[in-house]
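Biologist: Could you walk me through this structure, one question at a time? I am new to this, so please show me how you reach each answer.

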Amino acid sequence: MNANTTSISDMNSALIEPRMAYILERKLQRSKLGPYTPKTAKEIEQSLTRLFIADGLNDITISGVKRMTGGASKEQFLFQLQHSGLAEPQGYVLRMDPLEGIVETCRLREAELLQALAGSFPVPEILTVDAEGDSLGNPGLITGFVSGVTKPTSLEGQSVSGIGSSYGHYAELIAPQFLDILVKLHSWQGWADAALPNYVIPKKNSTEAALYQVNLWARTWQQDCVEPVPMVTLTEHWLRENAPVCEEPCLVHCDYRVGNFMFEEPSGQITTILDWELAHFGDFHEDLAWILQKLFGTWNAQGQFLVCGLMERDHFISEYQRLSGRKIKPDVLRYYEVLNAWKCAIMDLSSAIIAGQRANNHQDLLITWLGSAGAVFLDQIEMLLKEELPNAA
Amino acid sequence: MLPDISNRIRNLSKALETVIIPAIPADNSFAAEQAALMLGHLKMLDQQWDFAYLYEKGSFDNMLALASKLSQLAEGGGESQIAAVQTRSLIAAQPDMLPLTVNAINELTIALGKAVDKLIAAAYKDGSSAFKTAMLSSILDYNHIQSARERTWFKANNLDPDVRDLPSMEEMLNSEKYCYSAA
């Protein structure tokens with residue numbers, strides 16, 4: 001841990017990715033345009049037609065627009081596109097921002113990253129992006145349709161967001177792939193040659209990887225705060241003072257978990273990793289700490305906790321180390337467990353609540369429901385900081 | 001009050017369950033999902049509404065106790081001292097008779113929370129080492145109680161992996177165990 005405590009908050013206040021600073025500022029402006037009404041199929045057809053005309057396509061026909069369920073932050077629609085350049089209609093997915101949601105992210109960054117990862121990772125193919133919503137009315141991204149399911153169709157008791165889902169017998173098939181893709185992601189060097197102008201790579205051997213994240217979420221809290229929460233404020237200061245050095249920043253997905261990948265039945269083959277909106281360059285421990293969260297896990301019939309419903313914690317950690325050749329540092333993992341719990345508390349206790357209050361989301365009911373889980377993360381932070389107590393202040 | 005609030009909430013739930021949800025076409029999963037969430041919210045509201053004032057009053061008492069404790073502990077440079085004085089003034093200005101509505105008492109809690117935030121920021125700027133250590137410990141103790149209260153308040157959301165460890169609503173609202181003390 002870095003013990004340098006001299007005016008860290010002053011020193012690092014500028015450490016925020018410029019595109020993300022712009023996105024948060026844009027959110028402030030867009031939040032005044034509400035309330036938001038979920039889009040109808042007809043509205044989506046019209047928006048998509050405008051977008052494809054602007055992209056230079058001819059003889060456009062949009063059909064079969066169907067809303068996808070789930071998703072607490074983006075409106076998602078399946079549709080068929082036909083135009084003069086296609087022999088037959090093809091299926092695509094529109095992923096579009098409401099006025100505000102539980103997290104504020106950038107479709108342009110997401111598109112840049114998916115293009116960079118294509119061919120190396122199972123990611124959806126990008127068709128086009130409307131970064132500012134000039135044609136769609138809201139920022140949006142269009143990707144190819146990928147077959148598969150996010151949860152076994154035969155199991156009951158699944159949740160809306162995928163959280164709390166169980167994979168049953170698919171766990172054994174999926175777990176090795178889940179680990180393998182994660183390890184490859186963290187060792188991916190393709191970013192050096194990729195066009196990722198809206199990402200910032202933190203400096204090696206510095207605390208920047210952590211501080212970029214602390215600043216982003218601190219600004220989110222400042223912007224969306226509904227009422228003060230002492231634990232959230234305290235944790236921000238603790239995170240600044242204890243930011244660990246990251247020797248070698250890498251790409252981190254930051255929402256790699258149950259519900260965010262698709263697989264085929266009955267093979268259990270992972271077909272796509274979804275939801276790259278929170279991805280950035282940072283410390284691999286950040287992904288591991290996210291994946292290990294209790295909220296995303298389940299207990300099996302023997303009472304053992306399964307990480308993301310897939311495997312036991314010790315197995316996950318030992319296999320990650322074996323496959324990656326990386327050494328997990330317990331104190332850094334702990335730091336990122338605190339940071340992730342703090343991020344989740346901010347999403348739940350500020351962004352979700354205020355979006356629901358302003359009726360600015362297509363799923364006001366869902367984000368308010370998720371917002372009610374905020375104290376779960378406060379409790380988790382408290383437990384983690386108590387374990388650190390001798391060094392906590 | 002006739003018809004009472006529980007009665008109306010349950011009527012709403014029944015209408016959703018027996019008339020509205022069955023009328024949703026099978027291919028409109030978004031509407032079905034929204035209706036299911038409505039039902040969940042209504043059930044949770046039915047468990048909560050009668051206790052809402054007691055819950056908010058408990059949150060106020062806990063935040064008041066935390067503000068009081070931190071203002072007593074504060075020591076260090078000018079920022080810490082000013083924040084402590086301002087917090088003590090705010091505490092002294094609390095009404096003898098608390099307001100009787102949920103929203104009004106929540107506003108008092110928010111004002112105290114802002115004062116606590118300033119004390120935390122001041123402690124990290126120029127607070128003594130002893131103040132910072134004691135502050136951290138106090139906030140962790142406060143959080144232990146207050147987050148247990150909040151998790152209990154919302155335990156019907158099925159999002160808490162440790163729900164089995166939580167007390168009943170009655171115990172959370174009435175037991176001294178869930179009252180943070182400045183002593």
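**Two chains, step by step**

Modeller: Happy to! Chain A exposes about 14900 Å², and carbon and sulfur atoms supply 51% of that area. Please keep in mind that this is a predicted model.

Biologist: How many helices and strands does chain A have?

Modeller: Chain A contains both kinds of element. The count comes to 13 helices and twelve strands.

Biologist: What radius of gyration does chain A have, and how does that compare with a compact globule?

Modeller: Start from the length, which is 393 residues; a compact globule of that length would have a radius of gyration near 21 Å. The value for chain A agrees with this. Along the principal axes, its C-alpha trace spans about 65 × 45 × 40 Å. The radius of gyration asked for is 21 Å.

Biologist: What share of the residues in chain A is buried?

Modeller: A residue is called buried when its relative accessible area is under 20%. Applied to the 393 residues of chain A, that gives a buried share of 60%.

Biologist: Let's zoom in on one helix. What distance separates the end C-alpha atoms of helix α6 of chain A?

Modeller: Helix α6 covers residues 208-224 of chain A, which is 17 residues. At 1.5 Å a residue, it should span 24 Å, and the model agrees with that. The helix is also mostly covered, with 14 of its 17 residues buried. Its end C-alpha atoms are separated by 24 Å.

Biologist: Is A:Asn205 buried or exposed?

Modeller: A:Asn205 sits in the loop between α5 (170-187) and α6 of chain A. Its phi is positive, about 50 degrees, although it is not a glycine. Most residues other than glycine have a negative phi. With 54% relative accessibility, A:Asn205 counts as exposed.

Biologist: And A:Cys254, is that buried or exposed?

Modeller: A:Cys254 belongs to the loop between β6 (250-252) and β7 of chain A. Its phi is also positive, near 70 degrees, in a residue other than glycine. Because its relative accessibility is 1%, A:Cys254 counts as buried.

Biologist: Which residue does a cis peptide bond join to A:Glu265?

Modeller: Most peptide bonds are trans. The bond here is cis, with omega about 5 degrees.

Biologist: Where in chain A is A:Pro35?

Modeller: The peptide bond that leads from A:Gly34 to A:Pro35 is cis, with omega near 0 degrees. As for its place, A:Pro35 is in the loop between α2 (18-30) and α3 (41-54).

Biologist: Now for chain B. Why is it called more spread out than a compact globule?

Modeller: Chain B has seven helices and zero strands. For its 183 residues the globule rule gives 16 Å, so chain B, being well over that, is more spread out than a compact globule. Its C-alpha atoms fill a box of roughly 65 × 35 × 25 Å along the principal axes. The radius of gyration behind this answer is 21 Å.

Biologist: What share of chain B counts as buried?

Modeller: Chain B exposes about 9400 Å², with 58% of it supplied by carbon and sulfur atoms. Taken over the 183 residues of chain B, the buried share is 46%.

Note on methods. Residues are numbered from 1 along each chain as its sequence is written. Chains are lettered from A and ligands numbered from 1 in the order in which they are written. This is a predicted model: local features need pLDDT of at least 70, side-chain atom pairs count only at pLDDT 80 or more; totals for chains, interfaces and linings use all residues. Side-chain values use heavy atoms; hydrogens and water are left out. Helices (H or I, at least four residues) and strands (E, at least two) are DSSP runs, numbered from the N terminus. The radius of gyration is taken over C-alpha atoms; the globule rule is 2.2 Å times the number of residues to the power 0.38. Buried means under 20% relative accessible area, exposed over 50%, partly exposed in between (1.4 Å probe, protein chains only). Accessible areas come from the Shrake-Rupley method with a 1.4 Å probe; for residues, only the protein chains shown count as cover. The expected span of a helix is 1.5 Å times one less than its number of residues.
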